[in-house]
Every structure is written in structure tokens, then in C-alpha cells.
Amino acid sequence: MPLDPSFIGRTYPPTAPYEVGREKIREFAVAVGDANPAYTDPEAAKAFGHPDVIAPPTFPFVITYAAAAQVVTDPELGLDYSRVVHGDQKFVYTRPVRAGDRLTVTVTIDSIKSLAGNDVLSVRGEVNDESGEHVVTSVMTLVARAADEAGE
Amino acid sequence: MAISFDEVEVGTELPAQSFPVTRATLVQYAGASGDFNPIHWNEKFALEVGLPDVIAHGMFTMAEAIRVVTDWVGDPAAVVEYGVRFTKPVPVPNDGVGAVIEVSGKVAALLDDRRVRVDLLATSGGQKVLGMSRAVVQLG
């Protein structure tokens, strides 16, 4: 059954603040094997003009993915998460995420389409800091495969 | 060693890189990212849902691909936009060797405000694994 198009434009309440720690950034940078000193050495980050270590470009997904659970698990929307794959992902940055940030995410369903029996959702997460300033926007496309189709 | 906008032109190639990925890499990335979907660490589950093997997190591949840009410019904050499409999975066999993600990039367009668009090509096992993989980068 296709998803209810009346969910297009629905915005969920902002998430509780996520506090970005230096060691979490380090853990993420090590996990992706990225030795850029801007992620681990506050002095190196300052040399680039940042007040503290910054996070790698895809780090915001850690926060926006958790926030998107509001959509994925919304019982009214009724998405079958076992059939959902991540179709594409985009980030638009005002500034990098950095240690000490307290970030909230406001999630909006931008579009719902039905393509060849698959439900395709565009889910936007606006990430703001404690003072309400924009940090990064994450847009993810989720594809819920048709129920009768074998996985690939 | 910031890159100057004046140094580049359409077609300028960024240094290509190869990124190995093993089962251990995926477990480590799962922990760091909070994405514990079993298709990235449980072979039995992955096969049951029709995958050829355990596959790498798409977001892991996305994280590796942008390193070609951030290692080129130095300051990762130079990346002002970055988007990809996940076109093919990266199967990661449990053979102690795993898979390799090969990434190359080139300047595809000169934009306003001393910015450029970099198009990235990411392959694994000869298959293109990301589509429309593009970054907008602020140069000096």
C-alpha cells in the first residue's frame, strides 16, 4: 500500500541536543581511517581557523540518522523499515560540526513518491547549534522496496 | 598548503586513493556511527535478505570518497556541499583481505566565489559504487 501523501511537508519536533565531544569525533575519524589532524588535534584545527577540532564531512549523519528514526518508526506513516534502503545522501554545510557543539535536528518529509511500486521518501534534517544558527542540512532519500520484490 | 582557485581548471585531477575495507573495518564503523544494521556484519542475515555477502555501509563509502577532496585541500571545512547516490553495494568477504574502494576525482566546473565542483568516481571490484558523487569546494 503506498504511503499517505498527506505526510509530505510534515515536520517533527526538534530533537534533544546532541553534545559533540572531541573523543566521539576522534572515534569516528579513526573508524574511517582519516588521519587529518583537524579532527583530533585542537592546535591543528586552530591553525585552520576553527575554535576546536572539527568533525569529518559525513559525521553529521550520525546525528541526522538517529533523528530520522522519528519518520521511519512513525506508526501513522507505517513505513516497513525492513524494506528500506538508503538511496542517496547530501549535505549542505554552513560550517563544520565541531567539538562542544550542542546540536538539534529538525526533520521534515520533503517528498513521498511511488516509483515502480517502491515508496521513495526525501527526508531533510536541519541541524542547528545551541544559538539556533544553521550548521548543516542533511537530505536523505529512503527507498522502501515493494513488498513482493526480492532483495538485491 | 591550501589550493588556490587560480591553480585549477576544469579537468584538474585530484590525487586518487585506494581505501581497504575488511569485516573489522565495518564493525568499527558500525560502533562509531551507530548504524548496527546486521547486513553490515552478519553474513547469514545478509544472505537471507538476498545480498551477495556482508556489504559496507554506504555512509562508510561516502566518508572514504570525500577524503580525496579533504586530503587535497587540507582544511575539511572547504567542503561546502557533498552528495552521492548509492548505486551498488560493496561486498566485503570474510577472507582476511576484504574489499578495496578506489576513488578518483577531478574538477568538473568553476563556480562563483572561488568555488569549484569536484566530481568523484568510486569503484570497487571494477563496479561503480557511487553515482552523482559531487562536492562543492571552497578554494583560496
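Visitor: In S5(A), which residue is the bridge partner of A:Leu121?

Guide: The bridge partner of A:Leu121 in S5(A) is A:Leu142. Do keep in mind that this is a predicted model.

Visitor: What makes S4(A) and S5(A) a pair of strands?

Guide: Two strands pair when there are at least two bridges between them. S4(A) and strand S5 (residues 134–144) of chain A are joined by 10 bridges and run antiparallel, so they pair under the rule of at least two bridges. The two strands form a hairpin with 5 residues between them, and A:Gly132 in that turn has a positive phi of about 85°.

Visitor: How do you know that S3(A) pairs with S4(A)?

Guide: The same test of at least two bridges applies. Strand S3 (residues 102–115) and strand S4 (residues 118–128) of chain A are antiparallel, with 11 bridges joining them. A:Leu115 stands opposite A:Asn118 in S4(A). This hairpin has 2 residues between its strands, and A:Ala116 in the turn has a positive phi of about 50°.

Visitor: Where do these strands fall in the pattern of chain A?

Guide: Chain A has 3 helices and 5 strands, and along the sequence they follow the pattern β-α-α-α-β-β-β-β.

Visitor: How do you know that the length of H3(A) fits a helix?

Guide: H3(A) has 13 residues, and at 1.5 Å a residue they should span 18 Å. The C-alpha atoms at its ends are 18 Å apart, so the two values agree.

Visitor: Which residues of H3(A) are called buried, and what makes them so?

Guide: A residue is buried if 20 or more other C-beta atoms lie within 10 Å of its own. Of the 152 residues of chain A, 37% count as buried.

Visitor: Why is H3(B) described as largely enclosed?

Guide: Helix H3 (residues 58–65) of chain B has 8 residues, and 8 of the 8 are buried, so the helix is largely enclosed by the rest of the structure. Among them are B:Gly58, B:Phe60 and B:Glu64.

Visitor: What makes strands of chain B paired?

Guide: Here too, at least two bridges are needed. Strand S1 (residues 13–21) and strand S3 (residues 99–110) of chain B pair in the antiparallel sense over 7 bridges, with B:Glu13 opposite B:Lys106 in S3(B). S3(B) also pairs with strand S4 (residues 115–124) of chain B, antiparallel over 8 bridges, and B:Val103 stands opposite B:Ala122 there. S3(B) and S4(B) form a hairpin with 4 residues between them, and B:Asp113 in the turn has a positive phi of about 60°.

Visitor: How do you know that chain A touches chain B?

Guide: Residues are in contact if their C-beta atoms lie within 7 Å, and 31 residues of chain A are in contact with 30 residues of chain B. S2(A) gives the most to the side of chain A that touches chain B, with 8 residues. By class, that side has 17 nonpolar, 8 polar and 6 charged residues.

Visitor: What makes S2(A) and S2(B) a pair across the two chains?

Guide: S2(A) and strand S2 (residues 79–86) of chain B are antiparallel over 5 bridges, so they pass the mark of at least two. A:Val92 stands opposite B:Glu81 in S2(B).

Key. Residues numbered from 1 in each chain as written. Chains lettered and ligands numbered in written order. Predicted model: local features only at pLDDT ≥ 70, side-chain atom pairs only at ≥ 80, totals over all residues. Buried ≥ 20, exposed ≤ 12 C-beta atoms within 10 Å, placed from the backbone. Contact = placed C-beta atoms within 7 Å. Nonpolar A, V, L, I, M, F, W, Y, C, P; charged D, E, K, R; others polar. Expected span 1.5 Å × (residues − 1).
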